[in-house]
Amino acid sequence: MTLLGIRNLKVYFYSEDGMVRAVNDVDLDIGEGETLGIIGETGCGKTILGLSILRLLSENTKVEGRILYKGEDLLKLSEDEMRKIRGKEIAMIFQNPLSSMNPVLTIGTQVAEPVELHQHLDNQNAKEKVIEMLKSVRIPLPSKRVNEYPHEFSGGMRQRAMIAMGLICMPSLIIADEPTTGLDVTIQAQIVELMKEVLKDSGTSMLLITHDLGVAAELCDYIAVMYPGEIVEYADVRNIFKNPKHPYTRGFLDSLPGRGLKPIPGISPSLINIPDGCKFHPRCSYATGRCKNERPQMIEVGEKHYVRCFLYD
Ligand code: SF4
């Protein structure tokens, strides 16, 4: 069953340099217990897409379309109603716990915040729940470490605490934005393993935002490839890796170590200056006149496999 349905989502705002079209006509579904990865290069709009679901964008941002969570449009809820969703129904795990955690509050106080807010637990019960959560994300000596501050935790341990904070209210959906970026390879692998386990045990769905295809391959059931503001390919994880269709997806895969390390020629357009027609046309070796003038629509090329490219028209 669909847990989250994004329909015709557009997110844009004005900056000093012009209008930033961060998300353009995005449609996506996440089913119960599923993990969907949004992959793309830095600056393609994927973080803004994640933040728009929880309505965490600044007030000058315009968001159009529908974000249906359990059938209810989050864009139509009041701020009070949204507060009841954040952390309880949908939680976010951020990229860099050191900058998203408060340095003057203990880990225990911060991890307890969502349960105190949503489940109205007193201090003692909240602390017990936090210790239990820290234990479940394999933080050693949780009853001691609960009283420590973020700077006393290593990067990997902080990320575990961040995951504990995200899961403490047993949300139905986690939005994880680059949860392993900045960690060394061994710790990264441990965090991926941990996330796999907690998702399996809890049945929580996840929207994973990442530029790291290796992490996406480990954690996701489905992948949506984003190229400045729009989804250009969507498929199950196996098809994305074994049978990629969009020239950008193929180029992205070919640029990886172990798959040729061949960079895509040219650079990604900025979200202020997105080309007309197919946004990939200035970099695509298959581009024709039509690609320059007409925007391709998503075309079904296989079971649950969609691609935005005229080659499959
Ligand atoms: Fe390339 Fe044209 Fe397909 Fe865009 S629509 S990816 S330019 S072939």
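How many nonpolar, polar and charged residues make up the shell around the ligand? The model is a predicted one, in which local features need pLDDT of at least 70 and side-chain atom pairs count only at pLDDT 80 or more, while totals for chains, interfaces and linings use all residues. Residues are numbered from 1 along each chain as its sequence is written, and side-chain values use heavy atoms, with hydrogens and water left out.

**View 1. The shell around the ligand.** Around the ligand stand His246, Pro247, Cys278, His281, Cys284, Tyr286, Ala287, Cys291, Pro296, Cys309, Phe310 and Leu311 (a residue is near a molecule if one of its heavy atoms lies within 4 Å of it). By class this shell holds 10 nonpolar, two polar and no charged residues, where Ala, Val, Leu, Ile, Met, Phe, Trp, Tyr, Cys and Pro count as nonpolar, Asp, Glu, Lys and Arg as charged, and the others, Gly among them, as polar.

**View 2. The largest pocket.** The largest pocket contains about 530 Å³ of space (a pocket is an open set of points on a 1 Å grid over the protein atoms alone, with protein on both sides within 12 Å along at least five of seven lines, and its lining residues have an atom within 4 Å of a point; points are joined across faces, edges and corners, and a volume is the space filled by probe spheres set on them). Of its 19 lining residues, Gly87, Phe94, Glu113, Pro114 and Met165 are the closest to the centre. Strand E6 (90-93), helix H4 (107-118) and helix H7 (155-167) each supply at least two lining residues (DSSP runs numbered from the N terminus, helices being H or I of at least four residues and strands E of at least two), and H4 gives the largest share, five residues. The lining divides into 11 nonpolar, five polar and three charged residues.

**View 3. The second largest pocket.** About 300 Å³ of space lies in the second largest pocket, and of the 15 residues that line this pocket, Leu28, Asp29, Ile30, Tyr234 and Tyr306 are the closest to its centre. Strands E1 (2-15) and E2 (18-31) are the elements giving two or more residues to the lining, with the largest share, five residues, coming from E2. Eight lining residues are nonpolar, two polar and five charged.

**View 4. The largest cavity.** The count comes to one cavity of 30 Å³ or more (a set of points where a 1.4 Å probe fits but cannot get out), and the largest cavity holds about 40 Å³ of space. Ile93, Ile163, Leu167, Ile174, Met195, Val198, Leu199 and Met206 line this cavity, and the elements that give two or more of these residues are H7 and helix H8 (185-202). The lining divides into eight nonpolar, no polar and no charged residues.
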